[in-house]
Amino acid sequence: MVERICTEQRRKCCGVKMSSVPEGKKLVRSLSGLRMVPENGAFNSPFSLDEPQWVPDKECPRCMQCDTKFDFIRRKHHCRRCGRCFCDKCCSKKVALHRMCFVDPVRQCAECSLVSQKEMEFYDKQLKVLLGGGTFVVTLGTSEKSETMTCRLSNNHRYLFLDGESHFEVELSRISSMQILTDGASPGGATSRASGMLLHYKPMGSQDTQQLRVEAADDKKAASLWLAAMHKAAKLLYEARDQ
């Protein structure tokens, strides 16, 4: 483990981009279940959430949802997402919890299970769109020069890769703001379609904020789907920061 980290530090010092460094994973067992996590915590997905601290058993004599008193028959269960204490009726659902890297579906209360089920759509559908990428016209800073590039999310979810005649990367954790641009009202009063995005971020090794403007190229429909997925990703990113 120490050797791996030292190797990563040497690569960084030699100018090798951290997005190209191989990332190992390990199985970890906690009170909540079995998790598959990066060996180096610095490589955690920016969408990931930390496991909550469980409410101590002695502090929850009753279900925190229906107020049923616990006894030898009515056992208490902890929600793996919020850490609160519930009876079996109020905490019976086992739902996938990708943001905490659980290998199997885990027990969650009714409120948390709804949130996790909504997030499953992002992991099952929108994340694949982001990984597949889209074609955009990219403008860096206040430059008048633009370049057609393919934008995609890296496999570890930590970087935006932009590839054209040139290549550069934006680390998601260093994005300070994101604004989705639209093409205005559509005919017939339909919802306006996403046509681009405006990012403000800090490049690695710099504290100065850089602007990045991304606008749909030829395939407007595919670009709109990618941007909608990116908008959802931004919401998860901000939630993880505020945890």
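**Talking through buried and exposed residues**

Colleague: Let's start with Val103, which sits in the loop that runs between strand E5 (93-95) and strand E6 (106-108). Why does Val103 count as partly exposed?

Modeller: Happy to explain, and please keep in mind that this is a predicted model. Val103 has a relative accessibility of 43%. Buried needs under 20% and exposed needs over 50%, so with its 43% Val103 is called partly exposed.

Colleague: What makes Val103 part of a nonpolar patch on the surface?

Modeller: Patch members need over 30% relative accessible area, and Val103 has 43%. Val103 forms the patch with Leu27 and Met36, and together they have about 260 Å² of accessible area.

Colleague: Now to Ser32, in the loop between strand E1 (25-30) and strand E2 (33-38). Why is Ser32 called buried?

Modeller: The relative accessible area of Ser32 is 7%. The cut-off for buried is under 20%, so Ser32 is buried.

Colleague: How do you know that the side chain of Ser32 makes a polar contact with the side chain of Glu51?

Modeller: The distance is 3.0 Å, and the limit for such a pair of N or O atoms is 3.5 Å. Glu51 is also among the residues in contact with Ser32 once neighbours within four places in sequence are left aside; the others are Trp54, Arg80, Phe102 and Val106.

Colleague: Which residues touch the most other members of the largest nonpolar core?

Modeller: They are Phe47, Val138, Leu160, Leu162, Met197, Leu212 and Trp226, in a core of 33 residues. Helix H3 (residues 220-242) gives the largest share of this core, nine residues. A second, separate core has twelve residues, including Val55, Cys63, Cys87 and Cys91. As a general point, nonpolar side chains in soluble globular proteins tend to be buried together.

Colleague: What does Leu212 touch?

Modeller: Setting aside residues up to four places away in sequence, Leu212 touches Val138, Leu162, Phe168, Met197 and Tyr201, among others.

Colleague: How many helices and strands does the chain have, and what share of its residues is buried?

Modeller: There are three helices and 13 strands, and buried residues are 38% of the 243 in the chain.

Note on methods:
Residues are numbered from 1 along each chain as its sequence is written. This is a predicted model: local features need pLDDT of at least 70, side-chain atom pairs count only at pLDDT 80 or more; totals for chains, interfaces and linings use all residues. Side-chain values use heavy atoms; hydrogens and water are left out. A nonpolar core is a set of buried Ala, Val, Leu, Ile, Met, Phe, Trp, Tyr and Cys residues joined through side-chain atoms within 4.5 Å. Buried means under 20% relative accessible area, exposed over 50%, partly exposed in between (1.4 Å probe, protein chains only). Helices (H or I, at least four residues) and strands (E, at least two) are DSSP runs, numbered from the N terminus. Contact means heavy atoms within 4.5 Å. A polar contact is a pair of N or O atoms within 3.5 Å; within protein, one must be able to donate a hydrogen and the other to accept it, and residues adjacent in sequence count only if both atoms are side-chain atoms. Patches are made of residues with over 30% relative accessible area and no salt bridge: like charges are joined within 9 Å, nonpolar side chains (Val, Leu, Ile, Met, Phe, Trp, Tyr) within 5 Å. Accessible areas come from the Shrake-Rupley method with a 1.4 Å probe; for residues, only the protein chains shown count as cover. A salt bridge is a side-chain nitrogen of Lys or Arg within 4 Å of a carboxyl oxygen of Asp or Glu.
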